[in-house]
Amino acid sequence: MLPARLLRRIAALPPRRALLLAFGLGLLAALALPPVHAVPALLVSVPGLLALVGTAPSARRAALLGLFWGWGHFAGGLYWITHAILTEVERFWWLVPIAVPALSFPLGLFVALPAALAWRAAPGWPRLLVFAGAFILAEMLRGVVLTGFPWNLIGTVWAFAAVPIQGAAWVGVHGLGLATLLLAGLPAAGAGWRPLAGGAAAAAALFGLLGAARLAFVTPPADQPWRVVLVQGNIAQDLKWRPETRLPIFRRYLDLTESAIARLLPDLAPGERIAVIWPETASPFRLAEDAEARRLIAARLPPDAVLLAGTLRVEWAPDGRPLRVFNSLLAVDAEGRVTGGYDKAHLVPFGEYMPLRGLLPVRLAPTAMDISPGPGLVAIAPSGLPPLGALICYEVIFPGAVTPAPRPAWLVNVTNDAWFGFSAGPYQHLAAARLRAVEEGLPVARAAQTGISALFDPYGRPRTWLGLGETGAITARLPAPRAETVFARLGLAVPAALALGTWLAGWWLGRVRGRRES
């Protein structure tokens with residue numbers, strides 16, 4: 001248990017100060033998220049919340065404390081949303097002070113329920129087990145409620161390197177999160193230094209030795225006969241759609257592509273081909289309709305090369321009216337033909353379409369028409385590419401829902417992180433993509449408008465990387481996929497079973513302790 005003196009001080013806090021402390025502890029926990037990765041902050045934040053819960057007079061009060069902890073946690077992790085608003089500050093200036101608090105507060109509800117359940121459990125290990133299991137189950141629920149928003153899952157705190165995230169191949173990011181909460185909560189479960197020492201040893205074994213062993217004893221298969229070129233134009237969001245900047249932006253992508261291919265050709269092995277990837281909506285021109293734009297692209301591509309480019313695609317009515325607009329990834333070959341594509345299926349509320357149409361007094365989506373969803377994940381192999389699963393923008397943040405059937409040979413994630421500016425947002429988004437590579441056992445190629453662009457092998461190790469705010473094109477050989485991981489086969493059932501089992505173990509342990517004490 002926590003020191004008795006500390007518990008007494010927490011119990012003596014006036015209600016408002018207790019809520020402020022909970023909020024502050026949630027903010028502290030956000031330091032463990034990318035890009036800071038201050039994981040030890042959880043050793044204070046999680047036990048602090050459990051101590052507050054344990055001294056609450058009722059389950060309702062415990063839920064309120066959990067709500068405030070979650071409010072602070074999500075506000076600290078999502079502060080970058082303000083930058084997206086500032087790209088159109090003249091229209092949405094009034095949203096600047098309220099957007100982050102207004103989004104973070106309802107997300108805090110996903111901590112309120114675990115806190116209330118933990119209050120009903122016996123102190124010590126039962127309370128920690130109940131809280132950790134319920135927290136992960138609520139986190140999984142957050143991934144599906146109202147189209148889902150599984151951003152900044154607690155397991156992403158380990159995504160600063162490949163070694164500590166190898167366990168995701170078996171239990172996914174949610175399983176890593178469950179272990180993280182159990183280890184972080186040890187100061188609330190036992191007395192003295194022994195629980196901390198045991199937790200440190202367990203963390204070293206789980207996140208260090210296991211990962212190092214998996215990477216040390218792996219013999220990766222030969223790379224696929226493709227060179228990947230990731231082009232990062234570094235276009236600021238406020239410049240992206242101006243009429244006078246469209247042609248210069250397009251030329252920048254063409255020039256970066258041409259120079260990268262020129263550097264690559266002398267090193268190309270016999271039989272190797274080139275796949276160029278541009279980010280989400282990188283082309284200011286609609287490539288499906290613009291034959292001249294495709295001709296300019298083809299002029300930069302060597303024979304047998306292919307470009308995967310983010311672009312808008314429009315379906316037109318016979319009278320010339322636009323019927324539907326799609327956020328698409330299209331393949332253009334060296335002859336300027338569109339040979340395949342993918343339409344984004346999981347759209348961003350308020351960013352690509354307006355929910356509650358007619359009920360809100362403003363339109364926040366930047367396009368004149370709502371983006372229409374595509375039919376869903378599908379494996380495509382345009383222009384002879386190895387079968388790929390395309391993921392546009394935040395489609396990559398959904399664990400267990402990124403790989404189409406039949407299983408592709410790699411995943412391609414294109415995104416426009418210019419909305420995030422120079423903030424934690426791009427690093428958080430990158431961490432999600434890295435974890436998907438480990439979970440699915442597939443290479444992930446990620447092209448981001450302003451960065452961070454990277455190519456990860458199936459173990460989450462970067463083959464190449466271009467930092468935030470840089471302009472350029474990077475190249476690497478395309479890694480081969482590995483066999484299906486346990487998580488790729490069983491999906492979210494694995495962490496769900498672990499979280500439920502942990503929760504039930506906490507209740508059972510509390511009941512056993514209650515019988516003994518009676």
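What is the volume of the largest cavity? In this predicted model, the largest cavity has a volume of about 80 Å³, and the count comes to 3 cavities of 30 Å³ or more.

**First stop: the lining of the largest cavity**

Begin by selecting helix H14, residues 425–440, which gives the most to the lining of the largest cavity, with 5 residues.

**Second stop: two packed helices**

Next, select helix H12, residues 246–264, together with helix H13, residues 291–300, and you will find that the two pack at an angle of about 20 degrees, with their axes 9 Å apart. Because angles under 35 degrees count as roughly parallel, H12 is described as roughly parallel to H13. Turn the view to look at how the helices pass one another: H12 passes H13 in a right-handed crossing.

**Third stop: the contact between them**

Keep both helices on screen and show the side chains of Phe250, Leu254, Asp255, Glu258 and Ile261 in H12, which meet Ala293, Leu296, Ile297 and Arg300 in H13. Which kinds of residue make up the contact of H12 with H13, nonpolar, polar or charged? The residues of this contact divide into 6 nonpolar and 3 charged, with no polar residues.

Methods:
Residues numbered from 1 in each chain as written. Predicted model: local features only at pLDDT ≥ 70, side-chain atom pairs only at ≥ 80, totals over all residues. Heavy atoms only, no water. Axes fitted to C-alpha atoms, helices over the stretch in contact; angles between N-to-C directions. Helix = DSSP H or I, 4+ residues; strand = E, 2+ residues; numbered from the N terminus. Parallel < 35°, antiparallel > 145°, perpendicular 65-115°, else oblique. Left-handed = near helix turned anticlockwise from the far one by under 90°. Contact = heavy atoms within 4.5 Å. Nonpolar A, V, L, I, M, F, W, Y, C, P; charged D, E, K, R; others polar. 1 Å grid on protein atoms, 1.4 Å probe; cavity = no way out; pocket = protein on both sides within 12 Å on 5 of 7 lines; lining within 4 Å. Points joined across faces, edges and corners; volume = space filled by probe spheres on them.
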